[in-house]
Amino acid sequence: MSTIEARGLTKRFGSEVLAVDHLDFSVAPGVVTGFLGPNGAGKTTTLRMLVGLVSPTSGSILIDGLDYRHVLNPTMRVGAVLEASGFHPARSARNHLKVIATMAGIPFIRVDQCLELVGLSSDADRAVGGYSMGMRQRLELARALLGEPDILVLDEPANGLDPQGIAWLRDFLKGYAVEKDGRVVLVSSHLLSEAQLTVEEVVILNAGRLAAQGRLEDLLSGSTTAVRIRTPDAGRLVEALAAARLPATRDGDYVVCEGTTPAVVGPIIVDNRIEVHEMTSSTESLEALFFSLTGGEGMDVRHGTAVGESPQTAGRPPPAARPSPGEPDPGASPT
Amino acid sequence: MIRLLSAETRKLWTIWSTYVLFGIVVVVDLLFGFALAFAPGGRRGGTAGIVPHGSELWFANVFSVLGNSRLLALVLGVLIITGEYRHRTATPVFLAEPRRGRVVTAKLGIGFLGGIALGGLSMLAGLVLGLVLVALKVHSCLTFSGVQQGMAQAACRAHNGVYFVANTHDMWHQWSRIAPGIVLGTGLFVIYGVGLGALLKNQVVAIVTGLGFTLVVESIIGAIWPTIGEYLPGQAATALEDTKTTVGIGHAEQLPWWGGAVMLVIYGVVLTVVGTLTTIRSDVT
């Protein structure tokens, strides 16, 4: 059983950029923990400080109380998937893993096992230069798993994976977290809907600071729900709901009633004998919670466009759509 | 440390660029060696035109080419360390061994051995070259009117000249005289390259700086201030190799062979230590 603990973790790049600002959080084993935040929130910098690649300006981030640089043979304790690069293009995947296995004193049979696990066995002797993004991502995961670490840290692991790959990774991470008395699995992501399916705990960053931490369920409870009904009799339904002190809005054939549940709306529909073709309810999503915590920066749910790109995102693939100065809409609830 | 050394060895031999570097050494040695062997009269300013083909001095001239392997050793040293940054393999490597100084130390060790191998290969190519020249019975005749390259023995005697023909004894004498120096110098030049790479981090900048300094800057300094020039890496290697050639313009002073070796070790280690404490220690983002 291992833990990760950050205390007053701060990283300043030059005098201008304060990437991480007095960050305190801890990650417990046994569940998948999501590490979320808008671009430039400091996720990658924090993860790189965790594994000793970047030195904190002040504060610490420790693995069972130890700095990564003092962990004995860290390959056996911590596996980190940081970027889908870091391969010599002329070296084969198998040789790449053998180099790392040699450094950690891991027998080569484990190299074959890891290649098999991520589905790269048949391509293992090809030069990595010819690999697709998804294959590189898998190879990174294979490398991180070489030492069967009880701490697994992944930075945007779904990047470049196809839908099957993402689904596979989700199940794998959930399984890995509960094996062997519980392992620490910390996964950063900008794909909130994917994260909602995968993670139980979240650590949410905004502008280098901790915005929220806890069980996703707890953070989402107490949130509003909305009911959306499709009916040919929309006008009468709005009136009926209004009579029951449930303000609703009409949107063509749809009626949307916020702050209620189907259990409340259902009897009103029956009492008024209104014909209904469809009724859906939505609880507040991680996405909505995320926007309310991060000041509305990120994706406009209804239009699916990114807003509020931070300047620190250079070098990352840009989002499919460029910013339109749309209104922040923290309460938007997709149905 | 043994794991790190073993991993560095594996890194070196699992990419084709290492084989290309070793191949280039052989090709360059044979190409330039033959060109020099049959160039009219050797290449040195003071003795141009009067080094008789087939003489022992002529073998010394031809074999001086073999020391060029140190330029490729410099490139090898630079590649060993800057390749990790260029291909971002520094990330997985420092994940597996966060004590970066140990990684660099392993690179120095394996780089040195790789350089020894490179120098050894160069000397092997030189031996082949020498044996071929012996087999070709390259000969000439030194008379009062000058050197007659390719003059047959009977004609030479008729001219009261001294007849030279390439023979195994002369060839072996010259080859064995310079071999240890070239092998050691090539090994030490990898360390020099690792140091440059550790300090400069950028592959292209480090290669251009290393080769430019060795081939251009050093010969200019050597020509203007010979007493400083003899302490520079290229001249130090020449002293160690005892090939008695100069790099480019002029004729520099020369350190004793061990002095050359000491200077090369100092360059390599000082550059590596400074590079490790500055560039290598900085954040890998």
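Predicted model: local features only at pLDDT ≥ 70, side-chain atom pairs only at ≥ 80, totals over all residues.
Residues are numbered from 1 along each chain as written, with chains lettered from A and ligands numbered from 1 in the order of writing. Local features need pLDDT of at least 70, side-chain atom pairs count only at pLDDT 80 or more, and totals for chains, interfaces and linings use all residues, while side-chain values rest on heavy atoms, without hydrogens and water.

Rings of Phe, Tyr and Trp (its six-membered ring) were paired if their centres lie within 6.5 Å; planes under 30 degrees apart count as stacked, over 60 as edge-to-face and the rest as tilted. Over all chains, this gives ten aromatic pairs. One of them joins Trp13(B) and Tyr19(B), whose planes meet at 65° with the centres 5.3 Å apart, so the pair is edge-to-face.

Tyr192(B) and Tyr267(B) make a tilted pair, with 6.2 Å between centres and 55° between planes. Tyr192(B) belongs to helix α8 (residues 168–200) and Tyr267(B) to helix α12 (residues 257–280), both of chain B, so the pair ties together parts 75 residues apart in sequence. Helices here are DSSP runs (H or I, at least four residues), numbered from the N terminus. Tyr192(B) is buried at 4%, whereas Tyr267(B) is partly exposed at 22%.

In chain A, ring pairs link Trp168(A), Phe172(A) and Tyr176(A) into a cluster. The charged end of Arg183(A) sits over the Tyr176(A) ring, 3.9 Å from its centre (NZ of Lys or CZ of Arg within 6 Å of the ring centre and within 35 degrees of the ring normal).

Notes:
Helix = DSSP H or I, 4+ residues; strand = E, 2+ residues; numbered from the N terminus. Buried < 20%, exposed > 50% of the residue type's maximum accessible area, 1.4 Å probe, protein only.
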